[in-house]
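Got a minute to go through some labels and what backs them up? Here is the model in question.

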Amino acid sequence: MITRMDHFTIVTDQLHSTRHFYVEILGLGEGPRPPFPIAGYWLYVGPQPVLHVIAVKRMPEPRRGVLDHMAFRAEGLAATLERLEEHGIAFRIIRAPGKSAPGNCSATTPTGSRWNWTSRRQKSPRPIGKPVARHERQRRKLGCS
């Protein structure tokens with residue numbers, strides 16, 4: 001019987017930029033990893049490794065799997081949007097219908113996979129950077145004004 005999702009594994013031919021995206025921008029923590037003979041990282045949320053990153057010289061052809069996106073429940077959406085903007089990473093904000101529905105921020109990683117950040121509707125404590133007009137409209141739509 002499955003009790004919960006344990007982790008995702010991604011392969012990348014851009015190991016350092018992938019690590020930078022998930023650790024420096026999104027805030028996952030780098031943690032212990034068994035001494036595999038292949039370079040990579042195990043990235044954590046608290047004590048749980050949730051994302052295994054494996055280095056490859058070339059991306060597999062044909063591409064494996066049909067995973068559409070990864071979604072993490074998180075807090076601090078406004079700060080994450082600011083970090084995405086600081087690093088020039090395009091993002092999209094989607095607000096599900098209904099007053100209590102969570103908001104989602106969607107971005108594409110350096111390796112081309114789609115990532116979602118799911119957060120309760122919240123207010124940003126201050127304006128965020130110098131947003132592109134589209135991003136500003138999306139922030140207001142989500143409630144991060």
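**Pocket, salt bridges and rings**

The second largest pocket is lined by Tyr22, Leu26, Gly27, Leu28, Tyr44, Val45, Phe72, Arg73, Ala74, Trp115 and Trp117. This is a predicted model, where local features need pLDDT of at least 70, side-chain atom pairs count only at pLDDT 80 or more, and totals for chains, interfaces and linings use all residues. Numbering runs from 1 along each chain as its sequence is written, and side-chain values use heavy atoms, with hydrogens and water left out.

Q: What makes a residue part of the lining of a pocket?
A: It needs an atom within 4 Å of a point of the pocket, which is an open set on a 1 Å grid over the protein atoms alone, where a 1.4 Å probe fits, with protein on both sides within 12 Å along at least five of seven lines. By class, this lining comes out as nine nonpolar, one polar and one charged residues (Ala, Val, Leu, Ile, Met, Phe, Trp, Tyr, Cys and Pro are nonpolar, Asp, Glu, Lys and Arg charged, the others, Gly among them, polar).

Q: Why is the pair of arginine 19 and glutamate 30 called a salt bridge?
A: The rule asks for a side-chain nitrogen of Lys or Arg within 4 Å of a carboxyl oxygen of Asp or Glu. Here the closest N and O atoms are 2.8 Å apart, so the pair qualifies.

Q: What is the distance between the closest N and O atoms of glutamate 24 and arginine 19?
A: They are 3.2 Å apart, and this pair is a salt bridge too.

Q: Is phenylalanine 21 buried or exposed?
A: Buried means under 20% relative accessible area, exposed over 50%, partly exposed in between (1.4 Å probe, protein chains only). Phenylalanine 21 has 1%, so buried it is. Tyrosine 22, at 0%, is buried as well, while glutamate 24 counts as partly exposed at 40%.

Q: How many aromatic pairs does a search of the whole structure find?
A: Two. Rings of Phe, Tyr and Trp (its six-membered ring) pair if their centres lie within 6.5 Å; planes under 30 degrees apart are stacked, over 60 edge-to-face, the rest tilted. Phenylalanine 21 and tyrosine 22 have centres 5.2 Å apart and planes at 90°, so they are edge-to-face.
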